[in-house]
Amino acid sequence: MDQSKIRNFSIIAHIDHGKSTLADRILEITEAVSAREMREQLLDSMELERERGITIKAQAVRVSWKGHELNLIDTPGHVDFTYEVSRSLQACEGALLVVDAAQGIEAQTLANAYLAIENGLDIVPVVNKIDLPQADPDGASIEVADLLGDDPSHVVRISAKTGQNVHEVLDAIVERVPPPAGEAEAPPRALVFDSSYDQYRGVVAFIRVVDGTFTRREALRAMATTTRFDAEELGFFSPTMTPVETLTAGEVGYVITGLKELSSLRVGDTLTTVANPASAPLPGYKDVKPMVFAGLFPTDSDDYPELRDALEKLELNDAALFYEPETSQALGFGFRCGFLGLLHMEIVRERLEREFDLDLLVTAPTVAYRVLERNGDWREVHNPAEFPREVEEVEEPYVKASIIVPKEFVGAVMELCNDRRGTFDHMEYLSPERVHLTYELPLGEIVLDFYDQLKSRTRGYASFDYDLAGFKAGNLVRVDVLVANETVDALSLIVHRDFAYDRGRLLVEKLREEIPRQMFDVPIQAAIGARVIARETVKARRKDVLAKCYGGDISRKRKLLENQKKGKKRMKQVGAVEVPQEAFLAVLNIGQGQKSS
Amino acid sequence: MTGARHLYVHLPFCAHRCGYCDFVTVVGREGQHRAYVDALLRELELERAALAPALETIFLGGGTPTVTALPELVRLLAALPEAPEVTVEANPETVTPELATALRSAGVTRVSLGAQTFRPQLLRVLERVAGPDDVRRAVHHLRDAQFDNISLDLIYGIPGQTAADLEADLGDALALEPEHLSCYELEAKPGTRFTHAWGEELRRQADAMEDYFERVVATLTGAGFRWYETANFCRVDPARDLRSRHNLAYWLGRDYLGIGIGAVSTIENRRWQNTPRLGRYLAALGAGAVPERELEDVGGGVRARERVMLGLRLDEPLPLAGLADAFDPTGLARVEGLGLVERPDAGTLTLTERGRFLGGAVTAELLA
């Protein structure tokens, strides 16, 4: 294909602003798929994605429009996958920025738009859902145009749902997005912008050929991981897999690698050929590191092998998932898992429960801390239980948070950010009604319930996104919880020293409500080192008898006791105390009144 | 096994159904008393093989057995086998001098009176027909008829009952010098009219009433009574064992035969419950057939587990022989560590005083 006839583009949008519907409509209009065989939202393949309205795995689809080859590269829509989004964007020359005509710009719109601009993409602004009665195409167009420094008249106004004006979007892509500029004769280089794992064919890499030509059966090499493999098959999606003999500069397609582990081929890596290797990889490769950690334990300890198998299988499909065995005194054998962010954690958890039918206990999420050891080495700690009780220096990850809210909630959002140790960065009016705030916040303050709090304090109007902004020193301490004088490792938390007293108190209060009365008094304490900072007591039960038991109701009474016994088995045994599973999540619910005033 | 030595006879008739009651009862139907007694005797005949040649106890429970037409009740008693302990349950207002004398002459040795409470306002909450004086009168009539073994049932934890009310009830009961007392915490059983009306109130009062059980035990043992079972107390008499021998049979895990509607029998590995429906019961036995029954297999260690559950209700140590599989060793070790059970000697197990107040939880813990 003549490079000048190729256009590679992505669609970027906030969740629910209509990205998938627009993609469907494009496929339909270009007759890649007939309306009849159209499965709605074709690009979102996993069941879970469909339900949550988000896309995790990118795919690329080739369509034809007025003599041009258009490659639509799908991007994940969420903050946790920023790196993956940026790789997808790097494979394109242009992007459609889709904004809901009723909602206007949201935090994710901004984050992704900036990402696209940083990647040097030409942006075609699109205002969608103009068919809705509450749509304000003029207002939304002005917001988008302001954001891009463009003229509102350049905004394409469409309804992806009805198909109205979608052809104008295709025309705009051909006219405004430049063709790829690679060198067809140079040694081959292709960007791996995504990958997935097929049970029968191994790792499938989605690639954008930048320079040169790749041919079927050629020996290839991934430049960062140095993995070598043969191109078992090359092809593109239209939208079904269509094998070809070659993929040339500017084209987008797939390579079937035969590799058995997703981790051997990283997103962002550069492929070249063994016979005619490129001298330098494409820029931008990063080793993505998980930032949010939580313990995953089977509710029934007998299910440990099933959990291990399930994680092994998930890892094949999710190179960002990290896990290692963890043993908790309180919860037994499980895994400490690392995630890109909270949504990633939620997705993994749901897949484990849904696809593998596991009953899980997930401990409160925490972040990666960097701790200075006595010997002068920095160590990364992923688990509060491993956080030293005495630390010289500790660093915690920070994020740059972007929040968009109606102006009446600015005060509430600022208060929340201040409570969470945020540093105000920037505020601007996107429109007379809507304000964009940026804050620098410790990630550790966000992982618990920040998003829930933000939603509840803004009656659901706030949109939120964040980007990692490196590590900074923090005055952090480890707060331990003792139940009946035994430290419960799974309840330890790392907090800023100034908040330690309040959170410790709230946590023990919450635990007192969650732990049922036992056959003896149960003291619950929060402590920093040996110093107890808060204490509550679950008073012993004074009576627990079955009042009557005669010949007529022996069976019924026996069954009552058997049920009582079953209830006990569902609890986790901490020393002599039975602790219900919910109590381990108590730390998640202490955000409400944690102001230090 | 040579057959059950304990017989339960269910007499379901009542003058009125109390709101808290979930027993099998029948209000009215005076016309069917005769037919019912016929049916009972027919069932007894059909199950004769299940009974031992000599019985130890017979218990006539209800319902209100003494609401049964007196001639029918006397005819029934006369037709039953002999036993050293024959107990009849009675509501105080039904006990006339004639009834007391008739029961005594028919071989009844023990009467269990449903007193429940002596506070008029609390009797109204329970929808009891009798007044406090009916209880006193009933005891006197029974004594006059030479009954030397009278038990009173008391209920505590009644909505609105204060600690002072409870102490007054215990005092009033003790003043009547019964040989035996059963004290039950009121159970708001799901689905009863009472729970519907008072469930909320009971939940509100739960904390305030938490120590009532301790009070009952302290007051009665203080008055010299033996707390021989979770909810049962008897006077200590060097000459006689005043425990309910019939109920003791249940708690010791013995076999028993129950006849009448809703009655349960347990013989070896089989347990069955008769239909609770009067019409069907009468029809079946009228045709000479056993009534419809719900069967339950209590083999496979079930009875051993029940022996643990029931035996630990008693103040005497539970012999452990043959019960090893009924215990969860971890749970047992745990409650032992908490000082809730102890082993008076290698072969027995018993609840400690504190363990007895937590008997349900302790048993759930140590049962396999």
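This is a predicted model: local features need pLDDT of at least 70, side-chain atom pairs count only at pLDDT 80 or more; totals for chains, interfaces and linings use all residues.
Let me begin with helix α8 of chain B, residues 212–222, whose buried residues are B:Tyr212, B:Phe213, B:Val216, B:Val217 and B:Leu220. Viewed along the axis of α8(B), these buried residues fall within an arc of 140°, and therefore they line one face of the helix.

What, then, covers the buried residues of α8(B)? The covering elements of chain B include the strands β7 (150–156), β8 (180–185), β9 (225–229) and β10 (232–235), together with the helices α6 (163–175) and α13 (353–357). On the face turned away from the buried side, α8(B) carries the exposed residues B:Glu214 and B:Gly222. After the helix comes B:Gly224, which has a positive phi, near 95°.

I turn now to the contact between the two chains. Chain B contributes 34 residues to this contact and chain A contributes 23. On the chain B side, β8, α8, α9 (245–251), α11 (302–311) and α14 (359–366) each supply at least two residues. Which of the elements gives the most to that side? It is α14(B), with six residues. Sorted by class, the side of chain B that touches chain A has 16 nonpolar, six polar and twelve charged residues.

Next, a sheet in chain A. Eight strands form an open sheet in the order β11-β10-β16-β7-β8-β15-β12-β13, with antiparallel pairing. The edges are held by β11 (228–230) and β13 (241–244) of chain A; each has a single partner strand, so one side of each is left without a neighbour in the sheet. On average, neighbouring strands of this sheet are turned by 40° against each other, direction ignored. At the β11 end, β10(A), residues 219–222, pairs with β11(A) in the antiparallel sense over three bridges. Within β11(A), A:Phe229 is the residue that stands opposite A:Leu220.

Is A:Asp359 buried or partly exposed? It is partly exposed, because 14 other C-beta atoms lie within 10 Å, and the buried class requires 20 or more. Leaving aside neighbours within four places in sequence, A:Asp359 is in contact with A:Pro298, A:Thr299 and A:Asp300. A:Pro298 is 61 residues away from A:Asp359 in sequence, yet their C-alpha atoms are 6.0 Å apart in space.

Conventions: Residues are numbered from 1 along each chain as its sequence is written. Chains are lettered from A and ligands numbered from 1 in the order in which they are written. Two strands pair if DSSP finds at least two bridges between them. Helices (H or I, at least four residues) and strands (E, at least two) are DSSP runs, numbered from the N terminus. Axes are lines fitted to C-alpha atoms, for helices over the stretch in contact, and angles run from 0 to 180 degrees between N-to-C directions. A residue is buried if 20 or more other C-beta atoms lie within 10 Å of its own, exposed if 12 or fewer, and partly exposed in between; C-beta atoms are placed from the backbone. Two residues are in contact if their C-beta atoms, placed from the backbone, lie within 7 Å. The arc is that of the directions from the helix axis to the C-beta atoms. Ala, Val, Leu, Ile, Met, Phe, Trp, Tyr, Cys and Pro count as nonpolar, Asp, Glu, Lys and Arg as charged, and the others, Gly among them, as polar.
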